[in-house]
Amino acid sequence: MAFTLYSLIQAAILCVNAVAVLHEERFLSKVGWGADQGIGGFGDEPGIKSQLLNLVRSVRTVMRVPLIIVNSVCIVLLLLFG
């Protein structure tokens, strides 16, 4: 398999899919990354952990429908062009 632009895009899609399926109660809370772990006080700078949790929540919220479409297009392209 050659290193092409399509394989790079496909790897990025797989990484976004991996972030999108992370579940807070089933997986993240067991490793100490639950919703109640990243709460800071008012005016405090958010740490790396809370920023990553916010990123995971945002990806799950915003990218749900676009990921369905992009995954469908990738599947069709793989079926057509092998």
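Which residue takes a positive phi just after helix 4? In this predicted model, glycine 82 does so, with a phi of about 70 degrees.

The protein chain contains four helices and zero strands, and its elements follow the pattern α-α-α-α when read along the sequence. Of the 82 residues in the chain, 15% are buried. Among contacts between residues at least 6 apart in sequence, 68% join residues at least 24 apart.

The UniProt record, an unreviewed entry, places the annotation "transmembrane region" on residues 62–81. Over residues 62–81 the chain is 95% helix and 0% strand, and 30 Å separates the end C-alpha atoms of this stretch. Arginine 64 is found in helix 4. With a relative accessible area of 56%, arginine 64 lies over the 50% cut-off and is therefore exposed. The C-alpha atom of arginine 64 is 9.8 Å from that of valine 21, although the two residues are 43 apart along the chain.

Helix 4 packs against helix 1 at an angle of about 140 degrees, and the axes of the two helices are 11 Å apart. The two helices are therefore oblique to each other, since an angle counts as roughly antiparallel only when it is over 145 degrees. Their crossing is left-handed. On the side of helix 1, the contact is made by Tyr6, Gln10, Ile13, Val16, Asn17 and Ala20; helix 4 contributes Leu67, Val70, Asn71, Cys74, Leu77 and Leu78.

One of the residues in this contact, asparagine 17, was considered individually. Asparagine 17 lies in helix 1. Its relative accessibility is 19%, and because the cut-off for a buried residue is under 20%, asparagine 17 counts as buried. When neighbours within four places in sequence are left aside, asparagine 17 is in contact with Leu67 and Asn71. Leucine 67 is 50 residues from asparagine 17 along the chain, yet their C-alpha atoms are separated by 7.4 Å.

Helix 1 also packs against helix 3, at an angle of about 105 degrees and with the axes 8 Å apart. This angle makes helix 1 roughly perpendicular to helix 3. The contact is made by Val16, Val19 and Ala20 of helix 1 and by Val56, Val59 and Arg60 of helix 3.

Helix 3 itself comprises the 15 residues 48–62. The distance from its first C-alpha to its last is 21 Å, close to the 21 Å expected at 1.5 Å a residue. The buried residues of helix 3 are Ser50, Leu53, Val56 and Val59. What covers the buried residues of helix 3 includes helix 1 (5–20), helix 2 (24–28) and helix 4 (64–81).

Terms used
Residues numbered from 1 in each chain as written. Predicted model: local features only at pLDDT ≥ 70, side-chain atom pairs only at ≥ 80, totals over all residues. Heavy atoms only, no water. Expected span 1.5 Å × (residues − 1). Buried < 20%, exposed > 50% of the residue type's maximum accessible area, 1.4 Å probe, protein only. Contact = heavy atoms within 4.5 Å. UniProt positions renumbered as here; feature names shortened; annotations may be inferred. Axes fitted to C-alpha atoms, helices over the stretch in contact; angles between N-to-C directions. Parallel < 35°, antiparallel > 145°, perpendicular 65-115°, else oblique. Left-handed = near helix turned anticlockwise from the far one by under 90°.
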